[in-house]
Amino acid sequence: MTGHTLIEIQEVVNLSANEPELLWGFSLETPDTSYKTDKYEVWFAGWILGKKAQVVSIEVIYSGRLIHMIVVDNPRPDVAKTYIEASNADTSGFFAQLTVSEMSTQVELHLQAVFSDRSRLPIAIVKFQKKLPFLEQVKADLAKSQARLKQIKTATEGDKIKPNDVKNQPSITYKTSNDSILEYASRLSDREWFEVIIKSVDNRFADGIELPGFPPDEIQRNTVGSSGKHALGEGFNFYSEIKRYVANLGQPLTTDSKILDFGCGWGRMIRFFLKDIVPDNLYGIDVNSEMIDICLKKVSQGNYSVGTPEPPTNFADNSFDVVYAYSVFSHLSESVHIKWVEEFSRVLKPGGILIVTTHARRFIELCRSLRGQNHEFAWYNALAKSFMDTDAAFADYDNGKFLYSATGGGSALPASFYGEAVISPGYVKREWTKYLTFCDFVDDPAKLNQAVIVMQKPVDDSLCSQVDTTEAEFASVFPFRQEVLHIDASLEPKIQYRSSNTSIALSGIEKLIWQKDRVICNDLVFRLEQSKNNNWELGEECFVLYKPKDLIDQYQRFFSSHQEFNPNNVVELGMWEGGSVAFWFEILQPNKHIAIDLQPRTDSPYFQKYVKDRGLHNRLNTYWNTNQADSGRINEIMQHEFKQQPLDLVMDDASHYYEFTKISFETLFPLVRPGGFYIIEDWAWWHWRGLEKYYSESTPLSKLIFELVEAAGTSKDIIKNIVIYQSIVIVERGDAILQKSDNFKLDNYIYRHSRT
């Protein structure tokens, strides 16, 4: 402890005392009311023993949302001695760390037990206070004091009253300088800043700081379809996406970053960036002069000007780090929108990023659903007349075309350039890459109402080669249509329409963006451990990957010859710091991915956030402190996670020791379905120069590979095929019905002639 407490537990309430029919017992040993820490983290430890069914995990709920899942499987011999008659008592313990830096100052967490039959039981409430770091707390207290003093001074001098009479006067607020919001907001988390902005709908002042105002609700609804908190929620989601993308692409925001909001409207989006960037570097343009007038009067901070329907702008070359546009390119005609792409390539700095949205493929279906009805909302009537040949529109989209319905948007927005636009990813890849480098195209309705396009200006003016790209050919960059059916992200996986003739794994690998010290996969950054340096700008807000590009290239070559292979059930042995788990999950997109590692640790806060934010707790689970050679434990995990379902893929990047790797193979290979694959990484370490001191006393792992070759030569029914690359070996399961995994021994399936 440094002496300054950041987390102080105020109350712990046990809710399970009255549930003797459901539980043998429950004990939350930490935290308790004596718990204090100088870090923004809380450790949970204890035990819980189910009576009606086994307790498999504990869910942590914050503000009605599931934020963390604690697995119940830690050894508790003390509990087993007390509850002799209870099964699973010896593994009834739990131990986990929860990062709380993004939470509010007063926190109430609800814990509920999850039984093996999927029923749930509230078991505890934990209340605690989160404080600012010492210096920030002092600054915050000082700022409040200064604000109050300035109020008193203003009241005293302005109204000529005595200081003693100030208490009878109404509270007086003051307008701050341009940098005051930045100074105030920069110490908040993004979520806390969002809550401040939400409160500003009703009260423009926060701790004496004047925040941007709002136009009347009717104007908000007429321009963005909603008002107040709902409109701001959508704006915050896009703001968050922008910040994540620019950071992932190596261009994180600083106070000196320069941003252009193209189609800024009444300032819904740009106000969020007052937390990150000095106001003088924020620019907004819009063709609607009324909107610019609102920004100048209500937002005030930043630079706002009326734009023209077509470029050019008055901005100099290489002016901006980021240009973004929300619900603008979803309305521009083809000829006009491509002119703006070219213009943005001019005004962006080298390495600068363009992030815009467009109507997604599902918008075509929305238009069809609106037909045959009378709508009070004129826009719906216009949509009902758009893309009348739905099947043809879908075909055009899938073939990489630009779709446009010239509906117009009033006198200021004529149909000549304004309507409803649906831009396909194939079109972006073919046409936009004439000016910028393609980075991503994502449609996730859980986050935004429109699809997101991300492009980057090359640093060296080099662009990827131009190709005539259809949607099918585009699969190498964008492997499947991002149509997502969301029932409940915390319970059900996203259902995505995949290309039927392309391996998801191959597509996932081909769309990776490799850079010197990182690889970018979808919206995630993986720091390459073998290339790490002291200049890493993302801190802990990334994954760590200890896999070089040449190894992933070997996977790519293999998957290119197995286009039909799309694994549903995946097991990974060895996961370094958890980065490889997220990496392979993004690449393979399985229904369930289980990872095991010997290290006595837990998931990193960043990994926990990844699982939580994507609602993956039913699809992606890790088991630390688990030996790959512990057959009994491995079988327990497989039974718990997959029940009787066969495995499609096992990847072993664990110990690389011959004995341990062989035990894992003998345990898991019988569980692999016929035609499934078992992959062993780094099999040739005995033959690599420079590793002598690490494995000098060990049996070469290549011995196991020789034995697998012998087994394949003995019978094709056990091992159908073996593919050997420099770093990986892929073993394809044959059609034989193998013995139970605890009885399967590889040596029993190898025949060798006796020497005469």
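This is a predicted model: local features need pLDDT of at least 70, side-chain atom pairs count only at pLDDT 80 or more; totals for chains, interfaces and linings use all residues.

Modeller: Start with two strands: strand 5 (residues 55-62) and strand 8 (residues 106-115) run antiparallel and are joined by seven bridges. Residues are numbered from 1 along each chain as its sequence is written, and side-chain values use heavy atoms, without hydrogens and water.

Biologist: What makes strand 5 and strand 8 a pair?

Modeller: Two strands pair if DSSP finds at least two bridges between them. Strand 5 and strand 8 have seven bridges, so they pair. Strands here are DSSP runs of E with at least two residues, helices are runs of H or I with at least four, and both are numbered from the N terminus.

Biologist: Why is the pair of phenylalanine 559 and phenylalanine 565 called stacked?

Modeller: Rings of Phe, Tyr and Trp (its six-membered ring) pair if their centres lie within 6.5 Å; planes under 30 degrees apart count as stacked, over 60 as edge-to-face and the rest as tilted. The centres of phenylalanine 559 and phenylalanine 565 are 6.3 Å apart and the planes are at 10 degrees, so the pair is stacked. Both residues are also buried, and they belong to one aromatic cluster whose members include Trp584 and Tyr610.

Biologist: How do you know that lysine 51 sits over the ring of tryptophan 24?

Modeller: A charge sits over a ring if NZ of Lys or CZ of Arg is within 6 Å of the ring centre and within 35 degrees of the ring normal. The charged end of lysine 51 is 4.4 Å from the centre of the tryptophan 24 ring. Arginine 601 lies over the face of tryptophan 624, at 4.8 Å from the ring centre.

Biologist: What makes lysine 243 and aspartate 190 a salt bridge?

Modeller: A salt bridge is a side-chain nitrogen of Lys or Arg within 4 Å of a carboxyl oxygen of Asp or Glu. For lysine 243 and aspartate 190 the closest N and O atoms are 3.1 Å apart. The pair links distant parts of the chain, 53 residues apart: lysine 243 is in helix 6 (residues 228-248) and aspartate 190 in helix 4 (residues 190-199). Together with Lys275 and Asp276, these two are linked in a network of salt bridges. The count by this rule is 39 salt bridges.

Biologist: Is lysine 243 buried or partly exposed?

Modeller: Buried means under 20% relative accessible area, exposed over 50%, and partly exposed in between (1.4 Å probe, protein chains only). Lysine 243 has 19% relative accessibility, so it counts as buried. Aspartate 190 has 22%, so it counts as partly exposed.

Biologist: Why is glutamate 636 called partly exposed?

Modeller: Its relative accessibility is 47%, so glutamate 636 counts as partly exposed. The side chain of glutamate 636 meets that of arginine 633 in a salt bridge (3.3 Å, N to O). Both residues lie in helix 17 (residues 631-642), three residues apart, about one turn of the helix.
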